[in-house]
Amino acid sequence: MNGNQQELSSSNQIDPAFNYMKYVQKPIEMYVFIDPLCSECWALEPYLKKLYVEYGRFFTIKHVISGQLTALNPNGLNKIKQKKPSRLAPFSTSHEGLDYPWVPALAIKAAELQGKKAGKQFIRKMQETLFFNKQNICNEEILLKCAVDAALDLEEFQKDLFSETSKRALQCDLKLACEMEVDYTPTIVLFNQEVEDDGVKLSGLYPYDIYEFVLKEILQRTPIPSVKPSLINYLKLQQTVGTREVSVIYDWSIDQTEKELKKLQFQQIIERIPENNESYWRYLGTM
């Protein structure tokens, strides 16, 4: 076992003050194919977050745009429409009534030009805007607001939004989706860089245990999950969370999750934002 592997195997706690994971070569590459307008892709996020909290020292995530996007696809890489019923997604949002569904995809590629972290933060803010605030993320003004909320350089984002660089990046994503035969979102493809085996593809939305099992199988080991951050530290990091997300991360029932969050609400650490499907909670920055 080499030094990197020893560190990967023995690190069982995330240090909030120092993100050592950025400096360790991780054996697993995870490609997450998403459609920014897809409710199942939004519903997948809590599972990805829990997977990263518990096993993030073993893998890197790369978001790839896929789904029903054809407007910028000169090579005829047309995507097949969704075939499977939505089983676990709590939201119901379709493409209908949204203009130019490829615009949010271009916006993601423009955000990623400011760095991987910036791209992920922008995706989060954009999905919150669509599924939480129910706003049209195909509207350029709303996308600019998402960029501000994600702390992007707004001038650079505006310059890159419809640039040839962003268009080429989106075309590369669509080409990769075609090469990996991805015709449904969300789809996760995992590769182990330490072995020659083919990757593993999961299309659709599954319970967390399935993603955990597949990760362990492709790692060819059974790692110990990292210690989870305190709820307050998690809220500081995420700023806005859903009740279901917290329930998934901490393995709590919805009732227990509500009870823990209400304690923080009573202390004025967070505020509750009720929605039709579930409550959301915003960190107020008081601790």
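Me: Where is alanine 150 found, and does it count as buried or exposed?
Reply: In this predicted model, alanine 150 lies in the loop between H5 and H6. Buried means under 20% relative accessible area. Because its relative accessibility is 8%, alanine 150 counts as buried.

Me: Which residues is alanine 150 in contact with, leaving aside its neighbours within four places in sequence?
Reply: Alanine 150 and glycine 119 are 31 residues apart in sequence, and their C-alpha atoms are 8.7 Å apart in space. With neighbours within four places left aside, the contacts of alanine 150 are Gln121, Phe122 and Lys125.

Me: Where is valine 227, and how does it count at 45% relative accessibility?
Reply: Valine 227 is placed in the loop between H8 and helix H9 (231-238). In space it is 8.0 Å from valine 53, C-alpha to C-alpha, although 174 residues separate the two in sequence. Because its relative accessibility is 45%, valine 227 counts as partly exposed.

Me: What share of the residues in the protein chain is buried?
Reply: The protein chain has eleven helices and seven strands. Among its contacts between residues at least 6 apart in sequence, 70% join residues at least 24 apart. Of the 287 residues in the chain, the buried share is 49%.

Me: Which elements are included in what covers the buried residues of helix H3?
Reply: Helix H3 (residues 102-112) is mostly covered, with nine of its eleven residues buried. Among these are Val103, Pro104, Leu106, Ile108 and Lys109. The cover of the buried residues includes S2, helix H4 (116-132), helix H5 (140-149), helix H6 (154-161) and helix H7 (164-179).

Me: Why is helix H10 largely enclosed by the rest of the structure, and what do its buried residues pack against?
Reply: Helix H10 (residues 243-250) is largely enclosed because eight of its eight residues are buried. Among the buried residues are Arg244, Glu245 and Tyr250. After H10 comes aspartate 251, with a positive phi near 55°. The buried residues of H10 pack against H2, H4, H9, strand S5 (240-242), helix H11 (254-266) and strand S7 (279-283).

Me: How many cavities of 30 Å³ or more are there, and what is the volume of the second largest cavity?
Reply: A probe the size of a water molecule, rolled over the atoms, shows where empty space is left. The count comes to two cavities of 30 Å³ or more. For the second largest cavity, the volume is about 30 Å³.

Me: Which element gives the most to the lining of the second largest cavity?
Reply: The lining of the second largest cavity consists of Met30, Leu51, Ile188, Leu190, Leu202, Tyr211, Val214 and Leu215. By class, it has eight nonpolar, no polar and no charged residues. Strand S3 (187-192) and helix H8 (208-219) each supply at least two residues of this lining. The element that gives the most, with three residues, is H8.

Methods. Residues are numbered from 1 along each chain as its sequence is written. This is a predicted model: local features need pLDDT of at least 70, side-chain atom pairs count only at pLDDT 80 or more; totals for chains, interfaces and linings use all residues. Side-chain values use heavy atoms; hydrogens and water are left out. On a 1 Å grid over the protein atoms alone, a cavity is a set of points where a 1.4 Å probe fits but cannot get out, and a pocket is an open set with protein on both sides within 12 Å along at least five of seven lines; lining residues have an atom within 4 Å of a point. Grid points are joined across faces, edges and corners, and a volume is the space filled by probe spheres set on the points. Helices (H or I, at least four residues) and strands (E, at least two) are DSSP runs, numbered from the N terminus. Ala, Val, Leu, Ile, Met, Phe, Trp, Tyr, Cys and Pro count as nonpolar, Asp, Glu, Lys and Arg as charged, and the others, Gly among them, as polar. Buried means under 20% relative accessible area, exposed over 50%, partly exposed in between (1.4 Å probe, protein chains only). Contact means heavy atoms within 4.5 Å.
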